[in-house]
Amino acid sequence: MATELNKFSKTLTQEVTNPAAQAMLYGIGLKEEDLAKPQIGIASTGYEGNPCNMHLNGLSVYVKQGVTANDMVGLIFNTIGVSDGMTNGNDGMRYSLPSRDIIADSIETVVSAQWYDGVIAVVGCDKNMPGAVMAMARLDRPAIMVYGGTIRSGHYKGQKLDIVSAFEALGKKFANNISDEDFKGVIQNSIPGQGACGGMYTANTMAASIEAMGLSLPFSSSYPATHEGKQEECKKIGTAMKKLLELNITPKDIITKKSLENALTLVMALGGSTNAALHFLAIARSAGLSLTLDDIQEISDRTPFIADLKPSGKYYMEDLLGIGGVPAVMKYLYSKGLIHGDCVTVTGRTLAEDLAEAPDLNFETQKIVFPLEEPMKSSGHIQVMYGNLAPTGAVAKITGKEGMTFSGEAKICEHESEIISALANGEIKPGHVVVIRNSGPKGGPGMSEMLKPTSAVIGAGLGDKIALITDGRFSGGTHGFVVGHITPEAFDGGPIALVKDGDRISIDANTRQLTLHITDEEMASRKAAWVQPAPRFTKGMLGRYIRTVKSASEGCVTDEA
Ligand code: FES
């Protein structure tokens, strides 16, 4: 075995000064000949407690088989995961975004401390993927991400269901639009088994865009968790990893400004989650690259939104596989000049070479992805907003279906739970701009995702009658008139902290302005009277998070001064 393939692990396995490490490696069952082989860390976010991650430890075993078959040593380790769907609103959701950085820190820690020559991450939920990729960028050793795969649809009384159906059933219950039997039926049948939430929500958005960036094998994001292609992919990873080691291709060869643009172009084309903006800002920073909200807006401006996928459309990620999957969409975008073909991928080839083997989209037979000339919207749905309510930026999701402007009276909710009780009491009225604040990275803390409020609003039939704005985040499953990631956040005294019930707020997606209609003098006087709230946590992980996290416009990274 050429020594350069084990250039990190040889420190432990070959140097006479490391007898304890070598003894331990014999202790885990390695033989003398194994000690000269490259060691590959296989990081799994597998855990039994949720469908997105329940199968990942099993997939990791297939990955290990492929690594072993290629004359390398695969060593599985676990890191944490948090399922957003199981956080029960703000209290649990506080831990979701911080979990991304814990995953990054823990993969960085294990791979560095144990001297692995490469890393394969087997991941399956919203934060797990950007967390793993941030670690790969920091480590800059050969790396591949394997997506656990999307879930299959649930079914109840002839309807296809997913996780959002369960949330929306709650809103229907508030509005007396669903029987007790059907409420139970929806909940019991929404999730048929393993896999990540099935629409173009955050997990599928991140999986598709990371594949587009070149860090996963082609089709990784398209195979459902239970598809035979997923196991095959896992077994092929060892061959791909060996090639990366031989060619010394590392994440910083793959994560470049151009490949970030490719990733974000796919997000816009498919109508992906606003969380992609946050996570790619963070991934870029981990790779030492400059990417700003304005760069994201530029990509949005030049990329038509062409996919009829949930949450705003009809189809699920499992349906995309049937028309050629993400590679077919990428091939189409490349043929139209929207994708850089000269980026390197984990296949060891250029993206253009990979796409030459991809299937073609057939616009005669499929109705999931439209031609660029007949888009759902002529530019991207993710819009970066500014204005006197968001001086350093905010991120909105505007598909055009909900209109381009909204103006209404502010209804303040100081906590995510307040909107649920306000809905239950009929206090949220058509025309309201609901302001959910103190939900930012520091104030929440953890920048909660408004999965429950938005689904409940839609279920209550108010989805197209009100707007929601927040310094928190929105789930990838959100649709409707929503603006999140407002900066500066309320905890830092941003203008969102100064809004009062009844103020007039307007959202203009044409001019990308978020405006609080009060005078500059009134704004200054409210700011002078504002008192910073005490942090909700001073100790533990969340206390440390409040002290270290950057703003949403800076990707909420936690490892920068
Ligand atoms: Fe894991 Fe949706 S909660 S993918």
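Biologist: What should I know about the model itself?

Modeller: This is a predicted model: local features need pLDDT of at least 70, side-chain atom pairs count only at pLDDT 80 or more, and totals for chains, interfaces and linings use all residues. Residues are numbered from 1 along each chain as its sequence is written.

Biologist: Why is Ser-475 called buried?

Modeller: A residue is buried if 20 or more other C-beta atoms lie within 10 Å of its own, exposed if 12 or fewer, and partly exposed in between; C-beta atoms are placed from the backbone. Ser-475 has 29 C-beta neighbours inside 10 Å, so it counts as buried. Across the protein, buried residues make up 58% of the 561 residues.

Biologist: What makes Ser-475 worth a look in UniProt?

Modeller: An unreviewed UniProt entry places the feature "active site" at Ser-475. UniProt positions follow the numbering used here, feature names are shortened, and annotations may be inferred rather than shown by experiment.

Biologist: Which residues is Ser-475 in contact with, leaving aside neighbours within four places in sequence?

Modeller: Contact means that two C-beta atoms, placed from the backbone, lie within 7 Å. With those neighbours left aside, Ser-475 is in contact with Asp-84, Tyr-201, Thr-202, Glu-449, Met-450, Leu-451 and Thr-454.

Biologist: Which residues does the "binding site" annotation cover?

Modeller: The unreviewed UniProt entry gives Asp-84, Asp-126, Lys-127 and Glu-449. They span 366 residues in sequence, yet no two of their C-alpha atoms are more than 11.8 Å apart, so they gather at one spot.

Biologist: Where is Asp-84, and is it buried or exposed?

Modeller: Asp-84 sits in the loop between strand S2 (73-78) and helix H4. It has 30 other C-beta atoms within 10 Å, so it is buried. Beyond four places in sequence, Asp-84 touches Met-93, Ser-96, Asp-126, Glu-449, Leu-451 and Ser-475.

Biologist: And where is Asp-126?

Modeller: Asp-126 is in the loop between strand S3 (118-123) and helix H6 (128-139). Its count is 34 other C-beta atoms within 10 Å, so Asp-126 is buried. Apart from neighbours within four places, its contacts are Asp-84, Thr-202, Ala-203, Met-206 and Asn-275.

Biologist: What does UniProt list for Lys-127?

Modeller: The unreviewed entry lists "modified residue: N6-carboxylysine" there. Lys-127 is in the loop between S3 and H6. With 29 C-beta neighbours inside 10 Å, Lys-127 counts as buried. Its contacts, leaving aside neighbours within four places, are Val-82, Ser-96, Leu-97, Ser-99, Arg-100 and Ile-103.

Biologist: Why is H16 called largely enclosed?

Modeller: In helix H16 (residues 325-335), 10 of the 11 residues are buried, so the rest of the structure largely encloses it. Those buried residues pack against H9, helix H12 (257-270), helix H15 (317-321) and helix H17 (351-356). After H16 comes Gly-337, with a positive phi near 80°.

Biologist: How do you know that the radius of gyration agrees with a compact globule?

Modeller: The radius is taken over C-alpha atoms, and the globule rule is 2.2 Å times the number of residues to the power 0.38. For 561 residues a compact globule would come near 24 Å; the protein has 23 Å, which agrees.

Biologist: Which domains are assigned?

Modeller: The bounds come from an automatic or database domain assignment. It gives domain 1 (38-152 + 192-355) and domain 2 (382-554). Their contact takes 31 residues from domain 1 and 34 residues from domain 2. On the domain 1 side, helix H14 (293-302) is among the elements giving two or more residues. H14 provides the largest share of that side, 5 residues.

Conventions:
Helix = DSSP H or I, 4+ residues; strand = E, 2+ residues; numbered from the N terminus.
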